[in-house]
Amino acid sequence: MLIRNAEISGRSGMSVRIRGDRIAAVGPDLSRAFGERVVDAGGGMLLPGLHDHHIHLLAVAAADGSVCCGPPAVRNREELAAALRAAAAAATVQPGGWVRGIGYHDSVAGALTRADLDAMIADVPVRVQHRSGALWMLNSAAVAAVGLDDHAGAPPGAGRGPDGRPDGRLFRLDGWLRERLPPSPAPDLTTVGRGLAGFGVTGVTDATAGTGPAEVDLLTAAVTRGDLPQRLTVTGGPELAAPAHPRLRLGPVKIVIDDGAPVEFDELVALVRRARAAGRAVAVHCVTRAALVLTIAVLEAADDEPGVAHPGDRIEHGAVIPPDLLDQLVERELTVVTQPHFIAERGEEYLREVDPVDLPWLYRCAGLRRAGVAVAGGTDAPFGDLDPWSSMRAAVARRTTAGSPIGLDEAVDAATALALYLGDPARPGGPSRRIVPGAPADLCLLAAPRRIALRTLSADLVALTIAAGHVVADHRNPEEC
Ligand SMILES: [Zn+2]
C-alpha cells in the first residue's frame, strides 16, 4: 500500500509505502509500484497510531451489558432505583438474571450496603461497581447467590455491618466474585476493537492488576481472531508468563495501593522485588498523596542499591502529586500515566470533595513535564471515556464539564496533549514513535493538516486507521484508485 500526499512531522506532500506489517519507505514523492493500492491522504496529517497507555479491555467489553449507576446519567437514589429496575426488566440482564451496574459514585446515595440496594430492588441479584473499580456492592439476593451469607466463607475484603453480617460490599474481590458468578460467555471484544480503531488507536496497555493466564488467553484469542486489531501490552502479576503471540507483550507488574485498606508494607516490597527478579518494571496505582509517599518508600526499600532508577517504572493516575514529591519522581525516573479527562468528567465532584490544598495538584501534566517527569496518557476506560481525543482536549482546557477551571498551570499545548498518546508502550512518556522505514505499519491518518488537527483535537478527524499494515477503520469517502 502507498499513502500519498500526507503531512508527516510538519512536512507536506509525503508518501509512505507499507509492506506487510512494516513501513517500507518514506519520502517526498514515492512512485506507485505495479498493482499497488494507493491512498490519497489529501494533505492530512499522518500520525503513528495512537497508544492508550492505561485501559481495561475486558471491563470495557463487560460494560456493554451493564447499567450506568453514576453521574451524569444517575444523580440520586430515586434515579438509581429506576435505572436498576429498568435494567432488570430489559434485556440488559446478565447470565443468571443478574443486573450489573457500573460507574457508581458516592454522590448518588452515599456508601451503598445490601440494605440500600434491597430497598431499590430485591427480587433479582444485583451487583453495582464503584467507579473507582475497587468496590462491588451487592443486594441480598446477590449476597445469597454467591454464598456470602455463610459467615465462615466471607473473604477478607468483605464489608460487615454493625451486626457483624456481610453488608454486601466487596473491596478488591473481583477474582473471588468472578468464581462465584454464573458462568458467562467469553466477552466479545469486537466492539471494543472497532471503537478503538475508529479513534485511531492501534495499541493499548491493559493495566488490569488481576490479569492472569485466563485473561491473557482471552485477549490472545481476540487478537488472533482479529476482534482486537490493536497491539497489546498486558500488566498482571510477576508470575504471569509472556503471551505467546507477537502482538502481545508483557508490560510492568501492576501494583495497587489502596486507600483505606491496611498497608502491608513488607508485602509490597516483596512484590516489587519479585517484579525485578522477573525482569519487569512496576506500575503502581496511586490516587492520593499518601499512596504516592508510600510508593516511593516501597520502591526505596525494595532496591538493594539505593538511588538506582528503574526506567519503565510508572505511577498510574498520579491523581495528586504535590510539588515536594517531584524530585523523588525525577530521581527514580518514574513515568506518570495520567487521565487529564478526569478533570472534565469528574471535575465538579473534585471541586466539592477534594481538599482545596490538593486541587492545583490533580492529574497534573505541564508541571510534571517542567520538573522533568515523563508523562503519558491513558483513558482508564471504562472508568474514563474510551476516546483519547477527549482526553487530549481536557489536557489543554483543564476545565470541568460545567466550565470551571482546575489547575490551569497544568494545561499543555495541543501538540503535547497529542504526544501523551504517541509514546512507545515500553517507554510511555518518552519520545513519540516515528514514521520511518522499518517501524510497524501502525498509522492514524487525519482528514486535516496539523494546523487544523491541533486546533480541534477531535476523533471526527480520524480518516483511516492502519494496524499491522491492515486498514482497520476507514471513515473517508471512497476515493482510492
Ligand atoms: Zn485503571
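Residue numbers start from 1 along each chain, following the sequence as written. Because the model is predicted, local features require pLDDT of at least 70 and side-chain atom pairs count only at pLDDT 80 or more, whereas totals for chains, interfaces and linings use all residues.

Secondary structure elements are DSSP runs, numbered from the N terminus: helices are H or I runs of at least four residues, and strands are E runs of at least two. Two strands are taken to pair if DSSP finds at least two bridges between them. Axes are lines fitted to C-alpha atoms, for helices over the stretch in contact, and angles between N-to-C directions run from 0 to 180 degrees. Within the sheet, four bridges connect strand 23 (residues 443–446) and strand 24 (residues 462–467) in the antiparallel sense, and Leu445 lies opposite Leu464 of strand 24.

Leu445 also belongs to the largest nonpolar core, which has 133 residues. Such a core is a set of buried Ala, Val, Leu, Ile, Met, Phe, Trp, Tyr and Cys residues joined through C-beta atoms within 7 Å. A residue is buried if 20 or more other C-beta atoms lie within 10 Å of its own, exposed if 12 or fewer do, and partly exposed in between, with C-beta atoms placed from the backbone. The residues with the most contacts inside the core are Val16, Leu46, Leu57, Val60, Cys69, Leu445 and Leu446. Helix 1 (residues 57–63) supplies the largest share of this core, six residues. In soluble globular proteins, nonpolar side chains tend to be buried together. Contact between two residues requires their C-beta atoms, placed from the backbone, to lie within 7 Å. Not counting residues up to four places away in sequence, Leu445 touches Ile3, Ala6, Ala41, Gly44, Leu46, Ala463 and Leu464.

A further open sheet of four strands has the order 6-13-14-15 and parallel pairing. The twist from one strand to the next averages 20°. Strand 13 (residues 201–206) and strand 14 (residues 231–234) run parallel and are joined by four bridges; Thr205 stands opposite Thr233 in strand 14. Helix 8 (residues 213–225) packs on this sheet, where it touches strand 13, strand 14 and strand 15, and its direction makes about 170° with that of strand 14.

Helix 8 comprises 13 residues and reaches 18 Å from its first C-alpha to its last, close to the 18 Å expected at 1.5 Å a residue; the expected span is 1.5 Å times one less than the number of residues. Its buried residues are Val216, Leu219, Ala222 and Val223. They cover an arc of only 125° around the axis and therefore lie on the same side of helix 8, the arc being that of the directions from the helix axis to the C-beta atoms. These buried residues pack against helix 1, strand 13, strand 14 and strand 15. The face turned away from the buried side carries the exposed residues Pro213, Ala214, Thr224 and Arg225. Gly226, which follows helix 8, has a positive phi, near 95°.

Strand 8 (residues 99–104) has six of its six residues buried, so it is largely enclosed by the rest of the structure. Two bridges pair strand 8 with strand 7 (residues 67–68) in the parallel sense, Val67 having Gly101 as its bridge partner. Strand 8 also runs parallel to strand 9, to which four bridges join it. Strand 9 (residues 126–130) is in turn joined to strand 10 by three bridges, and these two strands run antiparallel. They form a hairpin with four residues between them, and Gly133 in the turn has a positive phi of about 85°. From strand 10 (residues 135–138), Leu135 and Met137 point one way and Trp136 and Leu138 the other, all of them buried.
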